[in-house]
Structures are given as C-alpha cells and as structure tokens.
Amino acid sequence: MCGIVGYVGNQPAAPILIEGLTRLEYRGYDSAGIAVMGPNGIRIVKRAGRVRELEAAVPKRFGGKTGIGHTRWATHGGPTDDNAHPHADAASKVCVVHNGIIDNASTLRDLLSTDGVQLRSETDTEVIAHLIARSTAATLEDAVLEALQSIEGTYGLAVIHVDFPGRILVARHGSPLILGVGDKEMFVASDVAALVRHTSQVVHLDDGDLATVTAAGFQTFTTDRRTTHKSPTSIEVSAHEYDADGYAHFMHKEIMEQPAAAERILRGRLDDRFGTAHLGGLNLDAREIRSVKRVKILGCGSAYYVGQLGASLIEEVARIPAEAEASSEFRYRNPVIESDTLYVAVSQSGETADTLLAVQEVKRKGGRVIGLINVVGSAIARECDGGLYLHAGPEVAVASTKALTNMALGFALLALQLGRVRDLSVSDGRRLIAGLRRIPADLEQILATEEELAVVAGSLADAESLFFVGRVRGFPVAREGAQKFKEISYRHAEAYQTGELKHGPLALISERVPTVAIVPSDELTDRNVAAMHEIEARKGPLVAVTHAEADLGSVAAVRVDVPKNEPELDSILLIVALQLLAYHAAVKLGHDVDKPRNLAKSVTVE
Ligand code: F6R
C-alpha cells in the first residue's frame, strides 16, 4: 500500500524513479510524485491520478542523480496534487516520501501551525519534512532521528536534504523498505518489484532500522545510533515475472498461471509411502502436533475466506476443531490465547498490517504461530515460528487469485500432515495425495472453459445486485466468489449460507437479482437443489457452479461444470471458476481490472 522508490548514483534519477513507480503502482494509484536533487536544489513534480500523468508532467530536462518518488493510496486527505508525496518544508530544503500512518499527526500539525509553519497539504506526512527541517542537528542522520522521536505511528520513510547532496536517509518502522545494491549506484524501494530490473542484490531493513544510502553503498544503524551490519541477499524472482507477458491484465495472467503455481506448492511435499505431506518448515514434531487441541486461522479479506476453507479442511481431514477469524477484528477483542491452540496466519503479501498485528498479539501472549505466506522474507513470515511458503510467484493484480489457490492448497497440505500424525488413515492420506496431484490438470480443464464462463459472466455483469450461496464447504467458496465479483465489477454481491437465504434475504430475490449457487456433487446436492427451487419460484435467475456428476433435477439453472476431485478438495477448484466469472464481468463493464477503484494491494495500514 503506497509505493516508495529512491535512487542515488550516476544516472539521471527521474526516469528510474518513474519506471520504479510504474512497477509499484499496484500498491496505490491515486496520485504520484518525484523529488530530484540537482545542483540548484530539489525540484518536485507531483500529480493526482496515475503515474502516466506524472510522467507527462515531468519536464524533459529534469537533471539530478539523487531522488525519491511515491505512488499513493490516500489515508489522510483526498487524492489531490497537494496531498501527493513527496512533501517538503517551506524552503524545499527537505523532502520526504512516507508509507504508514503518523498517529499523532494532528497534534504535530497544531504545534507546527502555532509556531507559524504553513502546512500545504492535509496529510500526516508533511509534518515529518517540517520537523526535520527545524532540527539544528549537524547531520542528516541526527536530524531524522530527532524528528522521529516526536512521531507516533508507522513509517517507511525516505528523505533527501539539500545540505546533504548525494544521500538518501531511510527509516523503517512497520512499513517495508528494501535497499537495492548496484554498481556505484543504490536503490530504495518499498517492494522488490521496483528493483528487479536493476539489481538482484537487496537488503531487507527490519523495524527500527535506519540507513544512509549513497552511490558508494549503504550504512545501517539503529534508533540509538548503533551501527549495524547487514549483508545483501539475492532475490530469486526475475524481472519478467513482473511483466504482463502479452495479457491484457495481470489478473488474467495470474489466473492462467495457476496450474504451474499449484505444481510449485506441491512439489517435493507429498509422500506416497506414508500417505502424508512433508512440511519441514512448520517446526512442529509429531508430539507437538498431537498436543494441538484447536487451530485458529487469521487472515484478512480473501485470505480470511480461504482461511475458512482451510479451517473446514483441517477439521474434516485432521479432526482438530478449527476456525478462521478476520485478523482485523482479532486483536481488538483481547483474545484468549491458549498454549494448545495452533495459530495460523495466512497472507499473500506477508505485509497486511491487521494480520501482522494479530500475529504479534498471539506471540506477545505466548502463543505459537505458523504462517502460510507468499512473499519470502516478508514481515509476517519473519514474525512466525514456522510455516510454509506458497510459491505462487509475484502477484501484481490487486484482486488476488493464484496466491489464494495456493493458500487453499497449503491448507490441504497442512491438514494432511496434521491428519496423518493423528487419525487419518494411510489410505485416505494416499487418496488425498492422488487428488492433490490431479489439481494442476483440473485447473487446466477449468481454464479451458474460459469462453463459456465469459458468456455466463456477461449475463451477470448487468445485474445491480447478486447473491452467491454455498453450504458448508461451499460457503467460503461463495464468500470469495462474491468478494472477487464486487471488488472488480463494482456490483453489489452478497454471500450467504444457502440454508440461511429463506430466513430473510429471499425477500430480495427477483428476476433482476441473480444467484450464483455453489452446488458440488456431494451428500448435500439435494439440499442445494431444494434451495434453488425456492429461488426459482421467486423468479430469481440461477447460475449453478457444480460438477457434471451433480443431478440438478428440473432446476433451470445455467450450469458451470468444473472437474470433480476428492470431496475435501473440490472447493479449491470451484473458486477458480468464480475468479473467471468476476474477471470477465469486469472486462465487459470496461473496468480497470488490475487497479479497482479505492483499493490497493498489500494493506499496510490498520
Ligand atoms: C481480494 C484481496 C484482499 C486480500 C487481503 C489480504 O482479492 O486481494 O482481500 O486477500 O487484503 O491480503 P494478504 O493476503 O496480502 O494479507
């Protein structure tokens, strides 16, 4: 959420900053700006709107080899030119870009105003520039440290100062920052996406780290001014993984990548001999697994819905009571943390503030947390006691797809391993392994029906309001289906447990309100068919996302058949059909699929 870039070296900074911002635009796209330090001081250009509008506004001759840039997702103050970052003091001596939230910004704004400082924006960030500019400290490092002492909140911060040319000062507390090490040049970014074209050598800063960055290298230190020594590590992602590869949208590319992503998460983790999974990174031995009395899954948004799917898998396969909770709620209710509960954090980005804070709450109270995380080395991954990486590859579209499928597969692996230490038989273990091995091919089969799904999506796109309904295993599928649909099509889509429809929402069903019903071929098919009859009797149009094996009787639903796998694993596949429905509805409506309005990837604020 919000993107930061910085460059110091021997090349003109502006084009590098603009290119970096383009790569980071998925993290926030309501305004963008750059500040470049040249021989005549700092020049700033910032614009409301997309990076391409900023690029058009940057003069051709925009010299300077040190600069910082930002693409914003508004928290304090609307998306205007003035509120866009970078922010400077009155004399434009100091310029800052910032991710995170300054909690005491309004107090600091009042104090500065009382002292005669004219604030030019409504943001929390601007105060940082003024505080640094007012410092009388002899070094930039001390001036920034002094300013940070007045600040409460979270930050990923990059600062340039005219009195200290050729230098960027960065600080991290609760919002990611990475340094990229080049040849006589250095880069700063909030996300590796902005760095992969320039270098594979990166330094992940930790909370509490600051760094002085010059063309010659970097020096890290702590808030109490102790020098620290951090060595660069190699990033494994290649630049082309951040390209759309000829697809119209990253979301489409990422949906299509799912069979390969599924192969990756399963590779080397299935053990036919013992009918189990091998997840060495869990850091749990058999005795510890046997002592787990409950599993609690924590995630946000779609990760929470997949967490619900994971809970039902764990309960069904491992016979351990399991539930999921939205991590945005968890910490606020002073949760009881039990030593025999296994907490599981699930996150694509590994940065989501609500999930990170929930993990910290569990750990503070002595609980054990494992993570199902996509981004290697991310804040949540580092906070967990163990876990498994999802290996979905970089996800650029704001609406998550391949990472969610791999989360569901991660839960299946976890359930299998927990189950086989407990009461799951070896034959059931082998049955599930065989099912998991079929998943990549099943995914291919669903993706091959894209054209038919696009036609169905077209019929749903014009509805003002839709229901997505599912029962038991199908309910998380319905929730995720509704989430994806509303997020990118801007249609109101509501998920309900199928059996709950008749307890109220049925009043809304009419010929203008379609229902997408999740109807796997299982022991509940008849119940689901009965509910579809009730909808049909109220003239509600129906789409059934189902299996060819399911007998829907006389219900006149439009059928979307997905391949049948093992009953425990079917939900994973049903969700993928719903991704394509949402995608094609949004395309038909002409929306900016990868950058839905008001949203951004990686929600690093509470
Ligand atoms: C929806 C979506 C969001 C994320 C949520 C958690 O398509 O992407 O709901 O699932 O913000 O993000 P992560 O998984 O990064 O913690």
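This is a predicted model: local features need pLDDT of at least 70, side-chain atom pairs count only at pLDDT 80 or more; totals for chains, interfaces and linings use all residues.
**Exercise 1. Packing around helix α4**

Solution. 
- Start with the partners. The buried residues of α4 pack against strands β5 (87-88), β6 (94-99) and β7 (155-161), and against helices α3 (105-114) and α5 (140-149).
- List the buried positions. They are E126, V127, I128, A129, H130, L131 and I132.
- α4 spans residues 126-134, and seven of its nine residues are buried, so the rest of the structure largely encloses it.

**Exercise 2. The nonpolar cores**

Task: How many residues does the largest nonpolar core have, and which have the most contacts inside it?

Solution. 
- Take the total. The largest core has 122 residues.
- Find the main contributor. Helix α18 (residues 570-588) gives the most, with 13 residues.
- Look for a separate core.
- Leaving out residues up to four places away in sequence, V295 touches I314, I320, P321, A322, E323, T341, L342, V344 and L418.
- Nonpolar side chains in soluble globular proteins tend to be buried together.

**Exercise 3. Aromatic pairs**

Task: How many aromatic pairs does a search of the whole structure find? Classify the pairs Y304 with Y305 and F467 with Y496.

Solution. 
- Count. The search finds four pairs.
- Take Y304 and Y305. Their centres are 5.5 Å apart and their planes make 40°; the pair is tilted.
- Check burial. Y304 has a relative accessible area of 16%, so Y304 is buried. Y305, at 14%, is buried too.
- Take F467 and Y496. The ring centres lie 6.2 Å apart with the planes at 70°, so this pair is edge-to-face.
- F467 belongs to strand β23 (residues 465-470) and Y496 to strand β24 (residues 492-497); the pair links distant parts of the chain, 29 residues apart.
- Check burial again. F467 has 2% relative accessibility and is therefore buried. Y496 has 23%, so Y496 is partly exposed.

**Exercise 4. Charges over rings**

Task: Over which rings do the charged ends of R225 and R597 sit?

Solution. 
- R225 first. Its charged end sits over the ring of F221, 5.3 Å from the ring centre.
- R597 next. Its charged end sits over the ring of Y490, 4.0 Å from the ring centre.

Definitions and conventions:
Residues are numbered from 1 along each chain as its sequence is written. Side-chain values use heavy atoms; hydrogens and water are left out. A nonpolar core is a set of buried Ala, Val, Leu, Ile, Met, Phe, Trp, Tyr and Cys residues joined through side-chain atoms within 4.5 Å. Buried means under 20% relative accessible area, exposed over 50%, partly exposed in between (1.4 Å probe, protein chains only). Helices (H or I, at least four residues) and strands (E, at least two) are DSSP runs, numbered from the N terminus. Contact means heavy atoms within 4.5 Å. Rings of Phe, Tyr and Trp (its six-membered ring) pair if their centres lie within 6.5 Å; planes under 30 degrees apart count as stacked, over 60 as edge-to-face and the rest as tilted. A charge sits over a ring if NZ of Lys or CZ of Arg is within 6 Å of the ring centre and within 35 degrees of the ring normal.
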